Amino acid sequence: MINLHEPTFDLEDEEYVLKALRSSWVSTGGPFVNTFEKEFAEFVGAKHAISVCNGTIGIQLSIEALKYKQQTFQSFDIIIPSLTFIATANAIVHAGGSPKFIDVEENSFQFSIENFKNYTLNNYDYRFEQKCWVNKLTGNKLLAFIPVHVMGWSAAERQLLQEISEEFKITILEDAAEALGTYNLDGSHIGNSSLAAIYSFNGNKVLTTGGGGMITTNETEFAKHLKHLSTTAKIDNLRFIHDEVGYNFRLVNLLAALGCSQLKKLKSRLVRKKEIFNLYSKYLQSPFLSIYSQKNCNSNNWLICTVFEDFNLREKVLTVLLENKIQVRPLWMPCHLQPAYQTENNLLLANTEDIWKRTLSLPSSPQILDEEIKYISDLILFSLSGE
Ligand SMILES: Cc1ncc(COP(=O)(O)O)c(C=O)c1O
């Protein structure tokens, strides 16, 4: 079986985990959490990084802290692209809000600015006295907009996100779960265009701690509150006094140790990921497909995706590859079509549905062999040869 995206560990990773294990600091205390947060913040060029148990919880916690920052005690909406892993929507619900789904650009994984603007203007009124958008039908406050850096490609240029945020007076949180190691064209790391960005360290990501996540922000007060909320909002370590209903959302020392050693290797891993993208691009020359890419960033090339001419070709290739023990995957079913979000099932988001039906993610592990990429590409071309 050639898998979609496998983690890689070396002796150094083992030594780091063993060091944490032998120190007996496996849980909440221990030095690796602080070190990982500090080094991660440096890597992405953010002032602060707050580690959490996983990316989903990172999104939820950021929303909780945002509710506090905006003193929002009423029902609220958050706009997100429908083309995302369901975790983005779920985290909003977990934090007590309603996700509102918008369409992507044509032939793209990324949200459409026009759709965002139209959706907001059609569905919300701006209330000057409260300084917020209010849903015309439900009265819900529009708390935020969460663009998603899908598959490691930038959701939008840094400047553009900042412009939307200013023009619409709306807070942006970035779902960067898949995009650690993706850079804007000016060389800055993505995720610094907004109040906060959330990363995932799930086993299939470019950096993994098994499970884990990180929130980065440049706002010191917001960072302090995130840390406070994630560590049970404790204000007295001896007598266990808590000033808010906090959460136990922190990353444990054992996993942070793995994060520290994984981070050391990230730069070289990204070089290999780029090579993988280049090899697929070289081998997969066909009028029936294209390798997905965008010009607005230098991607971490998390999962290399092929976009086919139509759904039937995609399905044909999918079947052949699976039969040959090659793990490929269509994009996630868009959120607005998910049984879990039944009330949204009648939405028509044409671009999202189109790209979802035509895309296939290919094996993209850093340790995949060049010959394996050639073999997979040949199989794809062979499956299309009768067309
Ligand atoms: C776009 C997106 N958002 C959120 C998440 C959630 O991250 P996690 O799996 O660490 O909870 C993922 C995860 O894998 C993701 O791909």
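Lys-265 touches Asp-10, Glu-12 and Asp-13, not counting residues up to four places away in sequence, where contact means heavy atoms within 4.5 Å. The model is predicted, and local features need pLDDT of at least 70, side-chain atom pairs count only at pLDDT 80 or more, while totals for chains, interfaces and linings use all residues. Residues are numbered from 1 along each chain as its sequence is written, and side-chain values use heavy atoms, with hydrogens and water left out.

- Lys-265 lies in helix α8, residues 253–283; helices (H or I, at least four residues) and strands (E, at least two) are DSSP runs, numbered from the N terminus.
- With a relative accessible area of 14%, Lys-265 is buried, a term that means under 20% relative accessible area, against over 50% for exposed and in between for partly exposed (1.4 Å probe, protein chains only).
- The domain assignment gives domain 1 as 11–261 and domain 2 as 266–384, with bounds that come from an automatic or database domain assignment.

**The interface of domain 1 and domain 2**

- The centres of domain 1 and domain 2, taken over C-alpha atoms, are 26 Å apart, and 40 residues of domain 1 are in contact with 39 residues of domain 2.
- About 3600 Å² is buried between the two domains, and carbon and sulfur atoms give 63% of this area; buried area is the accessible area (1.4 Å probe) that two parts lose on being put together, summed over both.
- In domain 1, the residues that lose the most area to domain 2 are Met-151, Trp-153 and Val-206, which together account for 22% of what that side buries.

**Elements on the side of domain 1**

- On the side of domain 1 that touches domain 2, α4 (87–94), β3 (98–102) and β8 (183–184) each supply at least two residues, and the largest share, four residues, comes from β3.
- In α4, the residues Ala-87, Thr-88, Ala-89, Ala-91 and Ile-92 are buried, and the buried residues of α4 pack against α3 (55–69), β2 (76–81), β3 and β7 (171–175).
- Gly-96 follows α4 and has a positive phi, near 100°.
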